[in-house]
Amino acid sequence: MGYLAGEYDVIVIGAGHAGVEAALASARMGCETLLLTINLDMVAFMPCNPSIGGPAKGHVVREIDALGGEMGRNIDKTFIQMRMLNTGKGPAVHALRAQADKFLYQHEMKKTIEETAHLTLRQGMVEELIVEDGKCVGAVTKTGAQYRAKAVVLTTGTYLRGKIIMGELMYESGPNNQQPSVRLSESLRELGLQLVRFKTGTPPRVHKDTIDFSKTEIQPGDENPKFFSFETISSSNEQLPCWLTYTSSATHQVINDNLHRAPMFSGAIEGTGPRYCPSIEDKIVRFSDKPKHQIFLEPEGKNTSEYYVQGLSTSMPEDVQLQILRSIPGLEKVDMMRTGYAIEYDAVVPTQLYPSLETKLVPGLFTAGQINGTSGYEEAAGQGIMAGINAARKVQGKEAVVLDRSQGYIGVLIDDLVTKGTSEPYRLLTSRAEYRLLLRHDNADLRLTPIGHEIGLITEERYVKFMHKKEMVELEIERLRTTKIRPDEQVQAMLASVGSAPLTNGVDILTLLRRPEVTYAHIEPISPSSHELSQEMKEQVEIQIKYSGYIEKQLLQVERLQKMEKKKIPDDIDYTDIHGIATEAKQKLNKIRPISIGQASRISGVTPADISILLVYLEHYNRVTASRG
Amino acid sequence: MINDTIAAIATAVGEGSVAIVRVSGPESVAIVESIFAAKNKLTQVDSHTVHYGYIVNPNTREKMEEVLVTVMRAPRSFTMEDVVEISTHGGVIAVKRVMDILLQQNVRLAEPGEFTKRAFLNGRIDLSQAEAVIDLIRSKSERAFSSAFKQVQGNLSKEIEAQRYTLLETMAHIEVNIDYPEHDVESLTSAFIREKCSQVMESIEKLLRTANEGKILREGIVTAIVGRPNVGKSSLLNALAKESKAIVTDIPGTTRDVIEEFITINGIPLKLLDTAGIRETADVVEQIGVERSKSALEDADLVVLVLNQNEPLHADDLQLMEQIKSRQVIVVLNKMDLPRQLELRQIEEMFESDRIVKMSVKEQEGLDALEAAIAGIFFSGGIESNDLTYVSNVRHIALLKKAIVSLQDAIGATEEHIPIDLIQIDVRAAWEQLGEIIGDAVGDSLIDQIFSQFCLGK
């Protein structure tokens, strides 16, 4: 059995948040692309929280948008709440977070995919990869359909040998009771890929009409919402609030009384769970002195009564979950619509990947998203777009696009994965970025849109708008630098009104704007620009001027980083041959096969002395290679 | 790290009459210029010229050291980069002061073998020597790491760990506020950060000021050589310093003042004080010398008592022994080449046997035993001899000072109402600088701390 069902440039297996970005990027770059999913109704499904964004994650969404990806546009179409977080902190950590209408989100994404040229969406369970001469050239589905391609992107999420656990109950399943993918996992193992077992979980969902909201605090969205995509100018979406309540001492009692039934503690769970996303039973055991924990009640959409109970991720038995819920103020009479669960799944050890996300073992095979050991829709989508771009570029015979740690959170994420690996599901945090001040969400377009344009994912129309913004910002900064203002009455009055010291001499506006208490809005009436500037442009001008001292410090560090990244290491180097490098470092280098000195220096166990020796060796190697012509 | 500006002491520390600090890298000339006062501007002088002047404190312009500075511009230098060599007076203090000031500029202490590595990478050294260069890097860094490791064991290391932990907790707190803005952890105020940073800064300042190790780092172990006149104190100093500095005669009372010499023994910097012989005297000039010797004795970390074993114990000897018996003392029984007239029992009753060293300075015998005894006192068993120990010390001081500057920046920022994520940049810098001293990699410890200190999750 088996038949040739089609030939493509790129096949993407899995249509979650990584898969859809990979497929859209590949198709938009002109590659004939096939997107396969086990269930067509699950495209871009959110199996856990109905929200997108927040610190670091929201930055990634802006980066995906700046590169020409879909996540930002799609959430802007389908949000039911938008909030800017961290507004009391510096501009680098301001973060947009949206509550999604999870059903609309899926439908919009599916529609976009269906309408995209060069992109075919098809239902099918892939059981095996086709590998010829060591290269991945296609995939076979359960129904015997053989699809051939020049590159394959695997984005299997938590489906690989998925297993759901609720108390004593355990069964093979993908997320939300979908069919798990069992054969494919075996196929990967047969190819020689090393897999690990990870675990994650989700809380129960409850019925809106059974919540007593009077016992909770309202958490409304922003009155003037901002958006993720550069392209979204306005929105008429109606916003819904979230609600805050807390666990009670009764909650803690229920959990403590039932710990013997918790798979987390009974040993039933073998996978490694994330520390940043512990289950409620884990929180109560580990932080026993904390009297209560926050619980957010979040609507899952406009046309549903389901509410997501954030903070209550659990794998307790169903009856215990119900007791836990009903011990929480506001949920005393709640109706549980879906039971929370833990899910175990196979992931690929990500140090087996190049920074392009292509596996080192099987050329032509790329992996992205949760299969690489990450957690989160945004982390998945960020890898998805890069894998899609690089699969397409491989087909087109072009060099891979790799973002470095100073270019974006996506760069930080992928570099961490492929260089250091991860011992638990990996979540992005802003503290993982060394150059946090440079990786702001407000400048994601300035950082990445030129790249998106160059690789063909940003339309000309958008690029013209982008260039206009960039020029306007530069012009305005230059104007402020060169315009002096005198200490006249208007200026002194403005300074007095914000509690700033009066001027004694004339000064350029740029210097004045550096004062912490003076903002662009204060300057504008005194010395308006002759151009019409958008709110985003003014914001950009202000940030670049106000934080220039810190920004320049980080730019200096980046310059050093980039020198190291530019020193490329040829792929055919055998580290065991290099005399002088410590044995442990040799093993690590042979395993990771870093593409640059920069990447090599970040491998744990590789010392500065090893790097020095490697540099000397490379110089030797290059001179010898050059002399051979 | 490629192409930044680096510096190191190019001569063996503590030996020779001249010491050289070598600076290499694109900014070497400009940086040295900024701490150099002379007739000509180094940035304008010709290559391969020598200039007389002073190394100055760049802020106060206070003259620190009299030096000769040689400028060698790229590519006509050892590393094929711009190189500046600063020649100072020999010994430890002068060269250390120069390194101190340099490392507080935008200059990094060179890694082991780094000048040679650069020379090679820039094409100065022949290909056939690649392997030799690798060996040099490997062996030098192994020595450096082992000695650096030994140095920071003990109290210094514990103290730095404690201060780093305070910073780490503060950083974790800041990060949770940033990454989990809606979480019910206490929101962090500038006042809290300021308090923590000030607390750490004070501890570091104290460390620099008073810690015993800190004292050793700053000026060497102050070692007073004492004894009655003409028992061989100056000869001993000369033997240790391997050059004739004190005037040696056999007329008692020749040394009329305290003579200082800097040496290193097994990597430990010592400031040797040769004192005038302590005895009751009527000679006014000699009397002044004796007074100074007594005060030098009081300041000393280590006392080397020299006795002439060719003579019986004298009342002056007994008085001295009584005076120093509670101090760190090494007793040298000199003139072993002559017959013994000295009764050992009394000495052995007052001092441990491993603190008594028999030697003949004249015959150059027993010096090794003395050096071992000195090393033994401060490193309980001694550390591997190597000249990098001292250099690492300079590096530690520079890092401690840099950490103080970072903390000052952080504290300043809290007063200007700068957002906490920006203040964090300086707090983190201080934490990393302290980490460099004890060789702790940055790693994931911050993220580990966040999740162990706070209960977070969806």
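Is Arg183(A) buried, partly exposed or exposed? Arg183(A) is partly exposed, because its relative accessible area is 29%, and the bands here are under 20% for buried, over 50% for exposed and partly exposed in between, with a 1.4 Å probe and protein chains only. I will come back to that residue.

First, the ground rules. This is a predicted model, in which local features need pLDDT of at least 70 and side-chain atom pairs count only at pLDDT 80 or more, while totals for chains, interfaces and linings use all residues. Residues are numbered from 1 along each chain as its sequence is written, chains are lettered from A and ligands numbered from 1 in the order in which they are written, and side-chain values use heavy atoms, with hydrogens and water left out.

Let me start with chain B. Its secondary structure comes to 15 helices and 13 strands; helices (H or I, at least four residues) and strands (E, at least two) are DSSP runs, numbered from the N terminus. Chain B has 458 residues, and 53% of them are buried. Take the contacts in chain B between residues at least 6 apart in sequence: 66% of these join residues at least 24 apart. A contact means heavy atoms within 4.5 Å.

Now the interface. In chain B, 51 residues are in contact with 60 residues of chain A. The two chains bury about 5,000 Å² between them, and 60% of that is on carbon and sulfur atoms. Buried area is the accessible area (1.4 Å probe) that two parts lose on being put together, summed over both.

Between chain B and chain A there are four salt bridges, where a salt bridge is a side-chain nitrogen of Lys or Arg within 4 Å of a carboxyl oxygen of Asp or Glu. Asp426(B) forms a salt bridge with Lys553(A), with the closest N and O atoms 3.2 Å apart.

Which element gives the most to the side of chain B that touches chain A? That is α4(B), with eight residues. By class, this side of chain B has 26 nonpolar, nine polar and 16 charged residues. Here Ala, Val, Leu, Ile, Met, Phe, Trp, Tyr, Cys and Pro count as nonpolar, Asp, Glu, Lys and Arg as charged, and the others, Gly among them, as polar.

Next, the cores. A nonpolar core is a set of buried Ala, Val, Leu, Ile, Met, Phe, Trp, Tyr and Cys residues joined through side-chain atoms within 4.5 Å. The largest one has 73 residues, and those with the most contacts inside it are Leu35(A), Ile113(A), Met386(A) and Ile389(A). Helix α10 of chain A, residues 377–395, gives the most to this core, with nine residues. Apart from neighbours within four places in sequence, Ile389(A) is in contact with Ala25(A), Met29(A), Val401(A), Ile455(A) and Leu457(A). A second, separate core of 55 residues includes Val93(A), Ile420(B), Ile438(B) and Leu446(B).

On to charged residues. Over all chains, the structure has 59 salt bridges. Arg183(A), from my opening, pairs with Glu190(A) in a salt bridge, the closest N and O atoms being 4.0 Å apart. Glu190(A) is exposed, because its relative accessible area is 61%.

In chain B, Arg118(B) and Glu81(B) meet in a salt bridge of 3.0 Å, N to O. Arg118(B) lies in helix α3 and Glu81(B) in the loop between β5 and β6, 37 residues apart. Both residues are buried. Glu114(B) and Arg108(B) form another salt bridge, with the closest N and O atoms 2.9 Å apart. Glu114(B) counts as buried at 3% relative accessibility, and Arg108(B) counts as buried at 17%. Arg108(B) is in strand β7 of chain B.

Last, Glu270(A), in the loop between α7 and α8 of chain A. Glu270(A) is exposed, at 56% relative accessible area. Beyond residues up to four places away in sequence, Glu270(A) touches Lys163(A), Arg197(A) and Glu344(A).
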